[in-house]
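Hi everyone, thanks for coming. Could we have the model up on the screen, please? Then I'll walk you through it.

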Amino acid sequence: MVSTLLTPCGRARQAVAGGRGACGGTAPTRILDWDHPRARSVVGSIGVAAPDGEGPAAKVAALRHAHRWISEEVRPVYSVEERRPISRVLRLGRGSCSQRMAVLEAVARAWGIPSRVRGLVVDGTFWYPRFPRLRRLVPDQVVLAWPEFRIDGLPDVDHTAAPWLPVSDLFGGAGESRGRTAGGFTNAGPETLFEALSRTSVDWDGATACPASDGSCDLSAYLLTDLGHFDCRDELFAQFGQTLCGPARLLAEPVLGRRAAGL
């Protein structure tokens with residue numbers, strides 16, 4: 001009951017009938033403000049995307065490099081302000097998985113690689129392992145903006161969503177082995193969802209055949225609703241709201257926004 005009261009009222013989180021298309025884009029937004037001087041400086045320190053003519057593999061490699069940079073330089077915390085501009089995330093040097101994925105999107109857009117997001121409504125029980133003593137305060141639904149990048153020339157055989165590359169396929173296509181040695185992602189322990197992308201499958205559709213040793217890389221059981229695709233995360237949150245309502249964010253952010261993820 002408590003967890004239900006934490007979510008925004010009057011937000012019907014249901015898929016749009018007939019689905020919805022989204023072309024994405026490279027323009028800065030309120031959240032993806034890559035044109036901010038601080039963001040531009042960070043993009044410059046990360047490097048440059050593959051020059052024209054290098055092919056899709058070079059662009060994917062550049063995004064992988066950006067992911068690793070963010071993993072190392074932006075400390076993972078449990079921030080609940082999902083509409084926070086990435087320029088402020090970079091100034092603070094810390095961010096939630098959602099905020100760090102937004103930074104990756106912003107870097108891609110600054111490089112001229114279009115991005116969009118898939119709106120997922122995930123069962124709050126997925127986060128129970130992280131808050132074993134505070135389960136009643138975990139929202140029953142979590143709105144997740146799952147990034148996708150447009151990489152023209154991706155082979156359809158390896159990437160079923162080509163030319164769009166979901167962030168879950170950034171380090172390998174669906175069903176492709178990544179040399180996992182520690183099982184799939186379980187949302188327990190110090191590793192966050194953002195870091196896990198580089199070593200294991202994160203599958204929300206139940207489409208990846210996972211060997212038993214890979215653990216729970218199939219997370220489809222936690223997916224409550226697929227809201228479809230949106231041109232940017234700003235659009236998703238404007239229509240369906242953030243995970244927590246305003247008063248709950250106001251109370252939680254000063255504490256969770258500084259708490260290291262995994263603790």
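Let's start with a question: which elements each supply at least two residues of the lining of the largest pocket? They are α5 (97–110), β4 (141–150) and α8 (246–256).

Before I go on, a word on the ground rules. This is a predicted model, where local features need pLDDT of at least 70 and side-chain atom pairs count only at pLDDT 80 or more, while totals for chains, interfaces and linings use all residues. Residues are numbered from 1 along each chain as its sequence is written, and side-chain values use heavy atoms, with hydrogens and water left out.

Reading from the N terminus, the order is α-α-α-β-α-β-α-β-β-β-α-β-α-α.

Of the 263 residues in the chain, 52% are buried. Buried means under 20% relative accessible area, exposed means over 50%, and partly exposed is in between, using a 1.4 Å probe and protein chains only. The chain exposes about 11,900 Å², and carbon and sulfur atoms supply 54% of that area; the areas come from the Shrake-Rupley method with a 1.4 Å probe. As for contacts, meaning heavy atoms within 4.5 Å, residues 24 or more positions apart account for 71% of those with a separation of 6 or more.

Now back to the pocket. A pocket is an open set of points on a 1 Å grid over the protein atoms alone, with protein on both sides within 12 Å along at least five of seven lines; a cavity is a set where a 1.4 Å probe fits but cannot get out, and lining residues have an atom within 4 Å of a point. Grid points are joined across faces, edges and corners, and a volume is the space filled by probe spheres set on the points.

The largest pocket has a volume of about 750 Å³. It is lined by 31 residues, and the closest to its centre are Tyr78, Ser79, Val80, Phe131 and Leu256. Helix α8 gives the most to this lining, with 4 residues. By class, the lining has 22 nonpolar, 6 polar and 3 charged residues. For the classes, Ala, Val, Leu, Ile, Met, Phe, Trp, Tyr, Cys and Pro count as nonpolar, Asp, Glu, Lys and Arg as charged, and the others, Gly among them, as polar.

While we're on α8, have a look at Ala252, which lies in that helix. Ala252 counts as buried, at 18% relative accessibility. Ala252 and Tyr78 are 174 residues apart along the chain, yet their C-alpha atoms are separated by 9.4 Å. Leaving aside neighbours within four places in sequence, Ala252 is in contact with Val80, Leu244 and Gly257.

About 40 Å³ of space lies in the largest cavity. The elements that give two or more residues to its lining are α2 (37–46), α4 (86–92) and α5. Residues lining this cavity include Trp34, Ile86 and Val107, and by class the lining has 9 nonpolar, no polar and no charged residues.

Helix α5 also holds Ser98, which is buried at a relative accessible area of 10%.

Next, two side-chain pairs. His229 sits in strand β6 (residues 223–230), and its side chain makes a polar contact of 3.0 Å with the side chain of Glu148. A polar contact is a pair of N or O atoms within 3.5 Å; within protein, one must be able to donate a hydrogen and the other to accept it, and residues adjacent in sequence count only if both atoms are side-chain atoms. The other pair is Ser220 and Asp218, whose side chains are joined by a polar contact of 2.7 Å.

Last, two backbone details. A cis peptide bond joins Ala162 and Pro163, with omega at about 10 degrees. Asn187, a residue other than glycine, has a positive phi near 65 degrees, and Asn187 is buried at 3% relative accessible area.
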